[in-house]
Amino acid sequence: MSELLRATIFHTPRNPFLSADGLEVFSDGGLAIEAGRVSGCGEFDELRRRFPSAQVRDLRGGFLLPGFVDTHVHYPQVRVLGALGHQLLDWLNQSALPEEVRMRDRDHARCVAGEFLRGLASHGTTTALVFGAHFASAMEVFFEAAVSSGLRITSGLVVSDRMLLPELHVSPQEAYQQNGDLIRRYHKRGVEYAVTPRFALSASEALLEVCQTLMREHPGVRFQTHINENASEIAEVARLFPWAEDYLAVYEKFDLVSDRSVLAHNVHTTDKALARLGAHKASVAHCPSSNASLGSGLFPLRRHIAAGVRVALGTDVGGGTGFGMLKEGLQAYLLQRLAPEGLVLTPAQLLYLATRAGAEALGLANETGDFSEGRSADFVYLRPPERSPLEAVTRNAESAQRVLAALFTLAGSESVVETRVRGQQVYRAEETRSP
Ligand code: GUN
Ligand code: ZN
C-alpha cells in the first residue's frame, strides 16, 4: 500500500556548500512512499495528482526531514554522558575507559546496546557509524540488537594493544581473528562493518598492520578512528611514531586513509595534511559539542571545505553532549561564529551536514540522506510540542529558511514524534501528540 505524508518538507539533494539551490523546501509538501522507498517528493497537490490512490496522512503543522546520519558516536559511552570538566586524556582515564571495561559483561553490554539504539532513534537518527566496544561478545549483542532495531548501522570492534587499561588490550593476532570472525558473521547481514583502531596512541605498528590486512581482505568494509583531537594526544602520537611527518602519516603508512575512511575530530591540522585528506577522498566527522566539552579546540571548517575534504557531523557520545543531531548542527553553527575565520553556516548547510553529508561519508548516498525518488524512506517526523517556543516560532515564521533555523535552534527529542527507516517505524513517541 502506498502512503502520502502531508507536511512541510526539507531536504538537501545537492551540496549547499557547492550549489546555491542545495535546499529543497515544500511548505505544503507531500512525501510518497511505496514499498519502503520514496516514490515522490514535492508539492502536496502535485503528489496527490500523481498518486491518487495513496493513503494520505495529514501531518500539517509538523516537519519531515531525512533521517539524521551520525558519523561518530560511541556505543559503550551512553552512561558517561555529562562527565564534564576534563580534557581528552584525563576524561578517557577517569570516565570513559573504566566504563568501557564493564562492557565485557554480556548482559551489561546488551542493556547498554538497548539504551544506545533507543538514544539514536528517539532523536531522529536513522543511520550511524558507531564506535563499538573492545569485546567481541559486546559486539555480538550490539549487532544483534542493531539488526532488530531496524536502524542502519555500521560498526566494528574497537582494537588497541597499548596505553589504555590492560583489560582493553588485545594482541594483533587476536584482533585479526576477532575482526575476521565478526566481519564474516555480520557484515552486510543487516549491518555493515568498520575496522576500528581506537587511535594511533593506543595502537602499535603491528596492530595497524593487522587493520591494513583486514581492509585489504574485506574490500566492502569501512574504516574509522580518531585523529588530531587534542594537543597532548598529538604530542604523544608524535613521540610514539617518530618517523611520521604528522598524525595523518601514521594512518597513511598502513593504507588506512581512503574514501572508505571516516576520521573523527581533526581539530588541529595543517594545510598539507588537509590536501592529502582531500586527495584520499576521506571524510572527517566533525564533533563540535565534544570539541567544546573536552576543550579540544575550534574546528577549522573553512580550511576543510577549501581543501575539498568531505565533512559530516558526529555527536561523539559520550565525549559529546547527547544524541541530538539538530543540537550538533547548532553547536557547529555557534562554534563557527567564534572560530577564527569561521564560516557562517546557513540552515541548508546544517541540514546537509546532518543528513546527506553523512550518507556520502558512509558510501550510502544512493540509499539515504535525502528524499530523491528511489531512496529508502528514512525520515524523522518533527512536531513542536504544544504551546512551546518552537511552535510559536514555526507558526509565525516569515520564511521556510527561518523555520529550518528554528528547528536546529529549538528542537530536541521532545519534538520527535516518529522515526522511520525503509518506511518502517523504528521509534514512536509514547505520549502521542495530535494528529
Ligand atoms: N580518542 C580515543 N578514544 C576516544 C574517545 O572515546 N572519545 C574521544 N572523543 N576521543 C577519543
Ligand atoms: Zn570518539
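**Contacts, helices and sheet**

Student: How many residues of domain 1 are in contact with how many residues of domain 2?

Tutor: 27 residues of domain 1 touch 27 residues of domain 2, where contact requires C-beta atoms, placed from the backbone, within 7 Å. Strand 4 (55-66), helix 16 (400-410), strand 15 and strand 16 each provide at least two residues of the domain 1 side; helices (H or I, at least four residues) and strands (E, at least two) are DSSP runs, numbered from the N terminus. Helix 16 contributes the most to that side, namely six residues. The model is predicted: local features need pLDDT of at least 70 and side-chain atom pairs pLDDT 80 or more, while totals for chains, interfaces and linings use all residues. Residues are numbered from 1 along each chain as its sequence is written, and chains are lettered from A and ligands numbered from 1 in the order in which they are written.

Student: What are the bounds of domain 1 and domain 2 in the domain assignment?

Tutor: Domain 1 comprises 3-67 + 371-428, and domain 2 comprises 68-361; these bounds come from an automatic or database domain assignment. The centres of the two domains, taken over C-alpha atoms, are 29 Å apart.

Student: Why is helix 15 described as it is relative to helix 16?

Tutor: The axes of helix 15 (residues 389-396) and helix 16 come within 9 Å and cross at roughly 170 degrees. Angles over 145 degrees count as roughly antiparallel, those under 35 as roughly parallel, 65 to 115 as roughly perpendicular and the rest as oblique. Helix 15 is therefore roughly antiparallel to helix 16.

Student: Which residues in helix 15 meet which residues in helix 16?

Tutor: From helix 15 come P389, L390, V393 and T394, and from helix 16 come V403, A406 and L410. By class, this contact has six nonpolar, one polar and no charged residues; Ala, Val, Leu, Ile, Met, Phe, Trp, Tyr, Cys and Pro count as nonpolar, Asp, Glu, Lys and Arg as charged, and the others, Gly among them, as polar.

Student: What is the order of the seven strands in the open sheet?

Tutor: The order is 3-2-1-4-14-15-16, with mixed pairing. Strand 3 (37-43) and strand 16 (424-428) are the edge strands, since each pairs on one side only.

Student: How many bridges join strand 14 to strand 15?

Tutor: Four bridges join strand 14 (residues 379-382) to strand 15 (residues 416-421), and the two run antiparallel. Two strands pair if DSSP finds at least two bridges between them, so strands 14 and 15, with four, qualify. Within this pair, Y381 stands opposite E418 in strand 15.

Student: Which residues are around ligand 1?

Tutor: They are H74, L88, L92, A96, R198, F199, H226, E229, S290, D316 and G319, the criterion being a C-beta atom, placed from the backbone, within 6 Å. Helix 2 (residues 88-101) gives the largest share of this shell, three residues. The shell has four nonpolar, four polar and three charged residues.

Student: What joins V317 and G318?

Tutor: A cis peptide bond does, with omega about 0 degrees. G318 lies in the loop between strand 13 (310-313) and helix 12 (325-338).

How values were computed:
Two residues are in contact if their C-beta atoms, placed from the backbone, lie within 7 Å. Axes are lines fitted to C-alpha atoms, for helices over the stretch in contact, and angles run from 0 to 180 degrees between N-to-C directions.
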